Amino acid sequence: MAAEFAGLAVGQRLGGDGLLAWAERTGHRPAADQRRGGLRFAFYGRVSTEDYQDPVTSRARQVGQAEALVAGHGQIVAHFFDSGLSRTLAWARRPQAAALVAQLADPDRGWDAVVIGEYERAFYGGQYASMTLLFEHYGIQLWTPETGGRIDFSAEGHEQMMLAPGWQSKREIIRTKIRVRTAMAAQTREQGRYLGGRPPYGYQLADAGPHPNKAHAAWGRRAHRLDPDPQTAAAVRWIFAQRLAGHSLARITRALNDACIPCPSAADPRRNPHRSGIAWKVNTVAAILGNPRYTGRQVWNRQRTDLDLVDPANTGLGHRPVARWNLPEGWVISARPAHPALVSEPDFIAAQDASAPRGPAGPAARWYLLAGLLRCGICGRRLESAWSNHRPAYRCRHGYTSATRPDCARPKNTYVREDQILPHPAALAILHADQGQAAARTGIVGVTAPDRTAELIDHLRAAGVTLIYDPGKRTLRTDTDDSIAVTIGQNR
């Protein structure tokens, strides 16, 4: 009886409906961190191109907007700011954003909420949807100017409001890209304008008068054009002449090195700091012979940038730019010559079809069953395919190419013919000996018949096994087991 009266008294003190009144008072109770002076915010901002934007000014503006947003609710205690990075990069690939994410799981991180000054500086496309899952999981608030404060992750209106700017940001970039590419194509085709970048080897930049854009001209900017470089133009003309005479790329490269002519990166090291500048290389000569700007025409869009997924298994990492070459049909060529030519257009076209004489057997008639599967036992390099006495063979020149003079201390070239390996049952057994279990599943253990050669080689490729050829001992072994080696046939 006394207990009943005690319960009634408690209910009266709580306002009649004890549980309801208690819940309401508890819900209106200020949070512990707010009682201590408000929320602790981590600011995140970003600026894309340092060359065309002032990071200091941009950061100050974004911080100012964030501080105005959280005024009266707390203060910013941590700053994360990425400079020189595109908004298209996922947060995991932005150093400061990744550092912020790494602290989410730390209960002693020192902040309770994230605030951003501009939505487009933080999110792009569907990034908001993926990041809010993390914020919500770790109980981190997100404050943005679009909502005037805290985002309610469970509110449908906030969700729709925040998804729209992300796709609008993506649309903005796509539209800008289209406008820029269209303008550059028109400037190349109609004006033959030099659009920037390193001048090709054999040319130097020259003043072309005031900038065509009146605003840029008022700022003192000048236009540029390409003029022949007195020091290097003759080398370009000589390279084309040698190619038209039927010389190979390697022979031309070696002649340039023998004549001690500075390679492009050595001739202009200021514009080529990423190159070694040691010597001419075959691909350098090939790039010069394939550059149509030596005809005097301005050419744009020889390369394009595609976006490939960083990791198809984790699409949240976004895309990465990959440069790929366009076919000539995709080039944009000026309607008239834009600068002095170093080679005529007919000669340039002829140089694209020129080739050094090859052996009697054409490339289509050459088959190498063991291509890519053999390594040199001396230097460890992969043996290259080579046609020897009308038969497939493999060789290793230990790093030497015909573009440079051979070192007198270099080991003698390694040669081994394909027909010296395939007919030997013991050598064929090596192809599957070190992967016994995998071979057993394929049913080829102990099989060395010639009609199973292709099957054995296919198994070798699938198992990732490499054969090591020792030219001194004329033995063959696998890269996974050096305890077994077999001797193959001698040269005939």
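Reply: The protein chain has a secondary structure of 17 helices and 18 strands (DSSP runs numbered from the N terminus, helices being H or I with at least four residues and strands E with at least two). The model is predicted, so local features need pLDDT of at least 70 and side-chain atom pairs count only at pLDDT 80 or more, while totals for chains, interfaces and linings use all residues. Residues are numbered from 1 along each chain as its sequence is written, and side-chain values use heavy atoms, with hydrogens and water left out.

Of the chain's 492 residues, 36% count as buried (under 20% relative accessible area with a 1.4 Å probe, protein chains only; exposed is over 50% and partly exposed lies in between). Among the contacts with a separation of 6 or more, 61% are between residues 24 or more positions apart (contact means heavy atoms within 4.5 Å).

Ala386 has Ala393 in S14 as its bridge partner.

Elsewhere, helix H10 (residues 233-244) packs against helix H14 (residues 345-353) at an angle of about 55°, with the axes 9 Å apart (axes are lines fitted to C-alpha atoms, for helices over the stretch in contact, and angles run from 0 to 180 degrees between N-to-C directions). H10 is therefore oblique to H14 (under 35 degrees counts as roughly parallel, over 145 as roughly antiparallel, 65 to 115 as roughly perpendicular, and the rest as oblique). Phe240, Arg243 and Leu244 of H10 meet Asp347, Phe348, Ala350 and Ala351 of H14 in this contact.

Asn326 sits in the loop between strand S10 (319-325) and strand S11 (332-333), and Asn326 is buried, its relative accessible area being 15%. Leaving out residues up to four places away in sequence, Asn326 touches Asn301, Arg302, Gln303, Arg304 and Trp331. The side chain of Asn326 reaches the backbone oxygen of Asn301 at 2.9 Å.

Conventions: Two strands pair if DSSP finds at least two bridges between them. A polar contact is a pair of N or O atoms within 3.5 Å; within protein, one must be able to donate a hydrogen and the other to accept it, and residues adjacent in sequence count only if both atoms are side-chain atoms.
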